[in-house]
Amino acid sequence: MVKIAVIGGGASGLACAIEIMHTVNNRDDVKVTVFEKLSRIGKKILVTGNGRCNLTNVNATQQGYRGDVEFSKYALNKYTPESNIIFFNELGLYTRTEDEGRVYPLSNQASSVLDVLRFECSRLGVEIVCDYQAMHLKSVFNGVVNKLVVNNRDRFDYVVVASGGKAAKVHGTDGDSYDLLKMMGHKITPIAPALVSLNCEDFTKALKGVRSICKMDLIIDGEKTLENYGEVQFTDYGLSGIPIMQLSRFVSMSPSNDIYINLDVTPDFTKDKIENYLFDRREFGTGICENLLIGVMNKQLCITLLKECSIAPNSRICDLSDDEIIRLSSLCKCWKIKIKTARGFDFAQVTAGGADCSQFDSKTMESKLCDNLFCCGEAYNIDGDCGGYNLQWAWSSGRLAGNTIGERINNAQNQ
Ligand SMILES: Cc1cc2nc3c(=O)[nH]c(=O)nc-3n(C[C@H](O)[C@H](O)[C@H](O)COP(=O)(O)OP(=O)(O)OC[C@H]3O[C@@H](n4cnc5c(N)ncnc54)[C@H](O)[C@@H]3O)c2cc1C
């Protein structure tokens, strides 16, 4: 009997377990066991995509990834978004592609994604052991073959570390992958929370709940590091929303505390156009300043900008000075917000940094330090953009590890 342990019943671990059994054509002398720390597998899958599971992105290319992007290439090219959609189609799950290439299950329920994975594991005889935390890993060489021992108890021919990163501990991931890999001599690159909201300095709580389409530049030590565009969500602690979360890994990875986001809250207007709009409003406008920009932005956002410019929201529009109008229009185009920190791992969707990819073979996902030890998913120093990129990596790397193990078992039998 060939025994394989998959540590972690998340996205990559389940894809890996299924791919092993598909590759060996469901042989009954192959036993795959998925060990899961929590009381049930796939808890994180259930919360992805706000409960809808954005399971991949048809536009996913290397450009959407950070960390050791070169390492990710082989797996992502072998198991493309299309290949992963077919993988799910064959499990009976159909998908719909929405804006910006985001792919969701037709059911609109993340639970469907988990269910088809569970049902397939069950059909293939994959053993699922929950409430089991792998805490120890070592290899023993009996002079003939290398065996891997989990928790000083169970011996396996192959072990796959699929226990994720450190983001969202509530869903089972608290950095165990790193501890297990370190026990096998692997290096871990510095880790930081990614796809997370940002804490801002002296931020007004009054904006809580306001959403606004903005352009934004991330400025670190006076240099523009990245720009983005999309819907910003204002919270009582700072900034959130997809475009902000995309920038967050650069904030959390940076040692600097000189970090700003310059928000353009009127991206549809040039500086001249917003200035002319305000001069026109002064000429023809009646009423008070809090209504000055109601034609172009959320009223609470207008009140906040007025206060930033030291203009009383209840002052009369016709009394605005030229200087006040110029200052306000400048602020609309470039509102400089000081960033305190990225929020922590507990609030993050993924982990930036992780297992040092140079110690693994990108074509197999196998460790270069220990035969028959594999790793897949978020545990690696690879993180993707929002929009299905991270699950795409989880399925692709998990399937590649699974396929390699399956082929290896097939080849051994044919020798
Ligand atoms: C709120 C939220 C929303 C997200 N939405 C999306 C989305 O819509 N699209 C997208 O692409 N990505 C999304 N992501 C990111 C995506 O879910 C992860 O990148 C992906 O699940 C990583 O897969 P993984 O298999 O590497 O790890 P995980 O899916 O995290 O699975 C790891 C599993 O290992 C288990 N485990 C941990 N330690 C041990 C141990 N010692 N022993 C046994 N088991 C262990 C954990 O309990 C967990 O079940 C989201 C993440 C979060 C938190």
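This is a predicted model: local features need pLDDT of at least 70, side-chain atom pairs count only at pLDDT 80 or more; totals for chains, interfaces and linings use all residues.
Local features need pLDDT of at least 70 and side-chain atom pairs count only at pLDDT 80 or more, while totals for chains, interfaces and linings use all residues. Residues are numbered from 1 along each chain as its sequence is written, and side-chain values use heavy atoms, without hydrogens and water.

**View 1. Domain 1 and domain 2.** The domain assignment, automatic or from a database, gives domain 1 as 2–184 + 353–414 and domain 2 as 197–343. Their C-alpha centres lie 42 Å apart. Seven residues of domain 1 are in contact with five residues of domain 2 (contact means heavy atoms within 4.5 Å). The two domains bury about 500 Å² between them, 53% of it on carbon and sulfur atoms. Buried area is the accessible area (1.4 Å probe) lost on putting two parts together, summed over both.

**View 2. Helix α3 against helix α11.** Helix α3 spans residues 69–78 and helix α11 residues 389–414. Their axes are 9 Å apart, at an angle of about 85°. That makes α3 roughly perpendicular to α11 (65 to 115 degrees). From α3, F71, S72, Y74, A75, L76 and K78 meet Q392, W393, S396, S397, L400 and N403 of α11.

**View 3. Helix α9 against helix α10.** The axes of α9 (residues 299–308) and α10 (residues 322–333) come within 10 Å and cross at roughly 120°. L305, L306 and E308 of α9 make the contact with L328, L331 and C332 of α10.

How values were computed
Axes are lines fitted to C-alpha atoms, for helices over the stretch in contact, and angles run from 0 to 180 degrees between N-to-C directions. Helices (H or I, at least four residues) and strands (E, at least two) are DSSP runs, numbered from the N terminus. Angles under 35 degrees count as roughly parallel, over 145 as roughly antiparallel, 65 to 115 as roughly perpendicular and the rest as oblique.
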